[in-house]
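I opened my notebook for a slow walk through this model. Here is what I looked up, entry by entry.

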Amino acid sequence: MSVMDSSRFPTFCCDRSDYQQLIEEQCRTLELPEPNSAAVDVSFALAQKVSELINLKQKIPFSDFMQQALYAPGLGYYSAGSYKLGAQGDFVTAPELSPLFGKTLAQSIMQAFEHTQPVILELGAGSGRLMCDLLRQLEVEERVPETYYILEVSAELRQRQQQLLKAELPHLVTKVVWLDKLPQSFKGVIIGNEVIDAIPFELLMKTEHGLAQGFVKYNERGFSLEFHVTDYSRGWQKRNFNSYSMWPEGYLVETSELRNDWMRTLMESLEQGCVILLDYGYEQEELYSPYRPQGTLQCYYRQRKHSTPLALLGLQDITCSVNFTQLAETAQQQGSDILGFTSQALFLTLSGIEQFVAQAQDSDTIAGLSVAQQLQTLLMPAEMGQTIKVLGLSKNFSGTLSGFKSL
Ligand SMILES: C[S@@+](CC[C@H](N)C(=O)[O-])C[C@H]1O[C@@H](n2cnc3c(N)ncnc32)[C@H](O)[C@@H]1O
């Protein structure tokens, strides 16, 4: 029997029409709009691929499932052709919401250029919106970088970024270079908005037997999650968070070695300069508080949020909040300094967002929002203002950024 022979395993939706029904049922239960037939085709192909992977091992860690759901070549959420970001997509990020974000971030970048090479590396550039807004503003300020590098894992998004650049700033096309991996020794400014939360993570649950790790299986009803105590989950329990004993049974938590590895290689790659990372997240103590028993996992589909990651395979985004304490410690172990850690609201305010508001009043509305609404979403605590944090890191860098000034 070949290893790919699935006869020993329950049949998972071999039939396209069964799969359609399953998706319809998921949409009804979660009160989500139904995807079109072409989207179901892609999801069906991905479901077959994932079930083959499960056949090899009987179950796969949640992080492997998420890797496939988001990044399986040609089929995953970020690798297939559907439109994800912005008002027409599944969720709106700060650059998609308002040009105020890029204009303000450009101020920090110019400050950093005083102390490092005028070179930018953007990680996970999405639609390319932030790249265009930054380049446009830096051109106004006569500080266009020597090179604007982009590292993007999705071939499909890379193409969109190239198209947007060509359409909006054709005279700057030669400034932008796409990389396949991190440079060996980078000097300049590295930025990333909502990239870390798109890196796969594990699900852990406190059970009567201790901390257990989430694995994905499947049966004729679709994918399912089950928890087992493993060396990995025992290792996490041994790290002995202050709050572990206070967690109730059933407490869910997300952890990610991949995010840690990502930070390690990022800081190895930085020789001199600084890094500005913006993402949903918390310091560890707050993230693992006993008052957050359901964890922070979120799925996004057509501007709606829910927390059922096994549904709508490949058609929805899957994220969880970032553990900034762990990432900052990893960065420090790689010899980097902490430039600052603050909320998006404070960072943008101290970086001078106000100066751009008056100019922006005359411009068109974006995503159907007026400038006042854009500002509110960027700054209000319950919106992006407090939930998104900004971590600044540096190496061999003597500058400071006004966004991280203490008040
Ligand atoms: C949530 S989107 C954010 C896009 C954009 N930065 C924005 O704010 O609109 C996440 C982006 O990160 C990319 N991505 C995910 N993991 C990555 C990695 N390890 N390296 C580079 N890009 C990555 C995704 O393909 C996507 O472009």
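**Entry 1: the domains.** I began with the domain assignment of the protein chain, which lists domain 1 as 16–86 + 202–256 and domain 2 as 94–198 + 258–294 + 317–404. I kept in mind that this is a predicted model. Next I looked up how far apart the centres sit: over C-alpha atoms, domain 1 and domain 2 have centres separated by 28 Å.

**Entry 2: where the domains meet.** I asked how many residues of each domain are in contact with the other.

I then checked which polar links cross between the domains. I noted zero salt bridges between domain 1 and domain 2, but twelve residue pairs in polar contact, both residues of each pair being at pLDDT 80 or more. On the side of domain 1 that touches domain 2, α3 (62–71) and β9 (252–255) each supply at least two residues.

**Entry 3: around the ligand.** Which residues come nearest to the ligand? Of the 18 around it, I wrote down Tyr71, Thr93, Gly124, Glu152 and Asn193. I followed three of these names further. Gly124 has a backbone N or O atom 2.8 Å from a nitrogen atom of the ligand. For Asn193, a backbone N or O atom lies 2.7 Å from a ligand nitrogen atom. Glu152 uses its side chain, with a polar atom 2.5 Å from an oxygen atom of the ligand.

**Entry 4: salt bridges.** I searched the whole structure and got twelve salt bridges. I picked one of them, in which the side chains of Arg16 and Asp41 meet at 2.6 Å, N to O. Arg16 lies in helix α1 (residues 16–30) and Asp41 in helix α2 (residues 37–57), so this pair ties together parts that are 25 residues apart in sequence.

Definitions and conventions. Residues numbered from 1 in each chain as written. Predicted model: local features only at pLDDT ≥ 70, side-chain atom pairs only at ≥ 80, totals over all residues. Heavy atoms only, no water. Domains from an automatic or database assignment. Contact = heavy atoms within 4.5 Å. Salt bridge = Lys/Arg side-chain N within 4 Å of Asp/Glu carboxyl O. Polar contact = N/O pair within 3.5 Å; in protein donor to acceptor, adjacent residues only side chain to side chain. Helix = DSSP H or I, 4+ residues; strand = E, 2+ residues; numbered from the N terminus. Near = heavy atom within 4 Å.
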